[in-house]
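This report describes a single protein chain, beginning with a pocket and going on to the sheet, the helices and a few loop positions.

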Amino acid sequence: GIEEAAGSAAGSGLTKMEMAAAGLKISPGTYLRTYISACGGDPALVRGWRRQTDDSTRAKPPKLWVSPSGQRYQGRSAVARALGLTPLTAKQVQRLRYPVPRRQSAPPLAPPPPQAAP
């Protein structure tokens, strides 16, 4: 059920706090897909969704999720409800594990251009 899914979402990944401590960021897409999967839904249900910050004047404006059709939802739990899923409890959310992003290695340095002969 949801308890198992929340505990095993994303397999052997890291919790949000562990990701922050390691200096890693969770992409918005991964953030939503992991949550929807933990609610028992297919992560493909949120393909094409995007995150948008409200242009509110509040100190911490709400983050909105926008569906491909333009419907706006405030928070992952609202998205889950819109998809007919039961949102996770706060305790379940704390236990979510996110996949660790693959680190991009720096491209190899190009050799310096040849020096023109004097």
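## The largest pocket and the fold around it

α2 (16-21) and α3 (28-38) each contribute at least two residues to the lining of the largest pocket, where helices (H or I, at least four residues) and strands (E, at least two) are DSSP runs, numbered from the N terminus. The model is a predicted one, in which local features need pLDDT of at least 70 and side-chain atom pairs count only at pLDDT 80 or more, while totals for chains, interfaces and linings use all residues. Residues are numbered from 1 along each chain as its sequence is written, and side-chain values use heavy atoms, with hydrogens and water left out.

The volume of the largest pocket is about 240 Å³. On a 1 Å grid over the protein atoms alone, a pocket is an open set of points where a 1.4 Å probe fits, with protein on both sides within 12 Å along at least five of seven lines, as against a cavity, from which the probe cannot get out; lining residues have an atom within 4 Å of a point. Grid points are joined across faces, edges and corners, and a volume is the space filled by probe spheres set on the points. The lining is made up of K16, M19, A20, L24, K25, I26, S27, P28, Y31 and R51, and α2 provides the largest share of it, with 3 residues. By class, the lining comprises 6 nonpolar, 1 polar and 3 charged residues, with Ala, Val, Leu, Ile, Met, Phe, Trp, Tyr, Cys and Pro counted as nonpolar, Asp, Glu, Lys and Arg as charged, and the others, Gly among them, as polar.

As a whole, the protein chain contains 5 helices and 3 strands, which follow one another from the N terminus in the order α-α-α-β-β-β-α-α. Of its 118 residues, 28% are buried, a term that means under 20% relative accessible area, with exposed over 50% and partly exposed in between (1.4 Å probe, protein chains only). Among contacts with a separation of 6 or more, 59% are between residues 24 or more positions apart, contact meaning heavy atoms within 4.5 Å.

The strands form an open sheet of 3 strands in the order β1-β2-β3, with antiparallel pairing. Because β1 (50-53) and β3 (72-74) stand at the edges with a single partner strand each, one side of each is left without a neighbour in the sheet. Two strands pair if DSSP finds at least two bridges between them; β1 and β2 are joined by 4 bridges, and β2 (residues 63-66) and β3 by 3 bridges. L64 of β2 is the bridge partner of Q52, and L64 also has Q74 as its bridge partner in β3. The hairpin of β2 and β3 has 5 residues between the strands, and G70 in the turn has a positive phi of about 100°.

In α3, the buried residues are T30, Y31, L32, T34, Y35, I36 and A38; of these, Y31 also belongs to the lining of the largest pocket. Just after α3, G40 takes a positive phi of about 100°.

The loop between α4 (76-82) and α5 (90-95) holds P87, and L88 lies in that loop as well. Leaving aside residues up to four places away in sequence, P87 touches Y35, C39, S77, A80 and R81. L88 is buried, with a relative accessible area of 10%.

| Residue pair | Separation along the chain | C-alpha distance |
|---|---|---|
| P87 and C39 | 48 residues | 6.2 Å |
| L88 and S77 | 11 residues | 7.2 Å |
| S69 and G48 | 21 residues | 9.4 Å |
| R97 and M17 | 80 residues | 9.8 Å |
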